[in-house]
Amino acid sequence: MQSLLFNLSKYVLAFLMAFYCLSGYIGYTTKEKKRGTIYFWQYLLGFLIHLLCYSILYVAYDDVKYIFLYVVEFIYFFVVIVVYNLLYPKASKLLINNMCMLMAIGFVMIARLDYDKCVKQLVIAAISTIVTFIIPALFKKVKTFRNFAWIYCGIGLVLLVVLLLGNQVFGANLTISIGEFSIQPAEFVKITFVLFVASAFNQSTDFRQIVLVSIAAGLHCLLLVAATDLGAALIFFICYLMMLYLATRKARYLACGFVAFAGASALAYQAFSHVKARVTVWLDPWSYIDTTGYQITQALFAIGMGSWFGYGLTMGAPEKIPVAIKDFMFAAITEEFGIIFSLALFLVCLNNLILMMNIASRCNTLFYRLVAVGLGVTYGFQVFLAVGGSIKLIPMTGVTIPFVSYGGSSLLSSLVMFALINAMYNMRHDERETVNGKEVKKER
């Protein structure tokens with residue numbers, strides 16, 4: 001009987017997730033005043049998926065601690081939704097609901113792989129969310145945020161220099177330790193980097209300014225390369241290139257950027273042995289299945305064996321994928337939930353990117369528009385790298401899926417990013433906005 005219930009549940013979960021994904025896109029194309037029904041269905045589908053997953057975990061492991069964890073997570077999501085509705089009734093509910101949905105799936109899969117780490121992730125989420133509740137109000141009221149370009153730059157560079165002295169994880173300097181805690185500075189530098197570029201280009205986009213900002217952006221990337229965190233360096237590079245194009249509208253900068261990218265990629269391939277190893281494994285992982293290709297081949301086996309509807313939660317073996325809880329969460333989810341579910345999950349992430357770009361298009365000032373685009377590109381490209389590496393579309397980069405993969409620094413930075421985006425979404429309702437001391441009529 002238990003086996004039958006587990007088999008049925010995987011079909012139910014796949015369709016519930018597909019319907020949730022569909023509701024997000026229907027909501028995007030529906031006028032805001034008519035989205036009430038969409039929000040209701042998102043709440044219902046999200047809480048049903050969460051409840052069903054933890055019911056399966058409880059039945060499978062026969063341990064009441066999963067019931068306790070479910071209740072605490074339910075309270076957390078309920079509070080997040082209610083507080084945002086009370087404090088920021090004009091916030092993007094679609095974005096908030098998607099954020100909660102992704103975190104719910106992440107909590108479930110982390111609990112499936114490591115209960116203690118899920119508890120830790122939930123505690124970090126709760127503390128981080130309390131902090132981020134004030135960000136939309138603060139960002140809206142303090143207009144001087146747009147004037148601190150080189151302060152943002154200095155903070156980012158200092159953090160990356162400190163990172164060079166940090167701990168090595170799989171050959172890369174990724175974390176620094178403070179007592180019993182470890183943080184990934186690059187996750188927070190992503191935010192200061194976007195604020196730096198947006199603030200600098202808001203001040204000026206003349207050639208001298210572009211050169212100075214490009215040198216500073218290059219230093220960010222070079223420090224990440226020195227720390228051998230090439231995945232983060234690539235995210236920073238693409239983010240800067242898109243923000244530069246948006247600020248100047250000059251296609252030649254894009255062309256120069258892609259030429260520089262091609263040259264840097266060739267140089268990195270020659271200079272770093274682990275980059276060459278990852279490219280070699282990407283091209284032919286099966287020849288190295290017992291050594292360097294073991295991780296990606298296990299991920300591909302998991303995805304292939306999961307098929308359309310997966311083995312069912314707790315019925316697969318995602319723990320056989322090395323570092324699945326961080327780098328290969330997409331493969332782990334696909335094995336147990338199936339391709340339909342994981343594809344819907346990816347489309348929810350894409351829905352977030354579309355919402356962010358839409359918010360950027362509605363921002364009247366260049367600073368806010370650049371911040372929204374920078375954060376959106378950073379988020380979207382990180383998802384692409386994480387999923388693309390899992391399915392062997394691109395070489396592995398070691399980046400995580402925001403909100404889904406395990407990692408306190410990643411979760412906190414993602415929550416801050418979404419809070420900033422909601423700050424700009426709130427401001428679109430203002431009839432007037434002060435820009436450099438002048439009042440400019442809000443565009444409709």
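So, the ring cluster: Phe 47, Tyr 54, Tyr 70, Phe 74 and Phe 78 are linked into one by ring pairs. Keep in mind that this is a predicted model.

Two of those names come back on the surface. Phe 74 and Phe 78 also belong to a nonpolar patch, along with residues including Tyr 58, Val 64, Ile 67 and Leu 87, and together the patch has about 1000 Å² of accessible area. Where does the patch come from? Helices α2, residues 36–61, and α3, residues 65–87, each put in at least two residues, and α3 gives the most, with nine. Take Val 82, another patch member. Val 82 is in α3, and its relative accessibility is 30%, so we call it partly exposed.

Okay, back to rings. The structure has 29 aromatic pairs overall. One of them is Phe 148 with Tyr 152: the centres are 6.3 Å apart and the planes sit at 65°, so that's edge-to-face. As for cover, Tyr 152 is buried, at 9% relative accessibility, while Phe 148 is partly exposed at 31%.

Then there's a stacked pair, Phe 237 and Phe 261, with 6.0 Å from centre to centre and 20° between the planes. Phe 237 is in α10, residues 230–248, and Phe 261 is in α11, residues 251–271, so this pair ties together parts 24 residues apart in sequence. Phe 261 itself comes out partly exposed, at 32%.

Lys 65 lies over the face of Tyr 115, 4.3 Å from the ring centre. And Arg 252 does that with Tyr 253, at 5.4 Å from the ring centre.

Technical notes:
Residues numbered from 1 in each chain as written. Predicted model: local features only at pLDDT ≥ 70, side-chain atom pairs only at ≥ 80, totals over all residues. Heavy atoms only, no water. Patch = residues over 30% accessible without salt bridge, like charges linked within 9 Å, V, L, I, M, F, W, Y side chains within 5 Å. Areas by Shrake-Rupley, 256 points an atom, 1.4 Å probe, with all protein chains shown as cover. Salt bridge = Lys/Arg side-chain N within 4 Å of Asp/Glu carboxyl O. Helix = DSSP H or I, 4+ residues; strand = E, 2+ residues; numbered from the N terminus. Buried < 20%, exposed > 50% of the residue type's maximum accessible area, 1.4 Å probe, protein only. Phe/Tyr/Trp six-rings, centres within 6.5 Å; stacked < 30°, edge-to-face > 60°. Lys NZ or Arg CZ within 6 Å of the ring centre and 35° of its normal.
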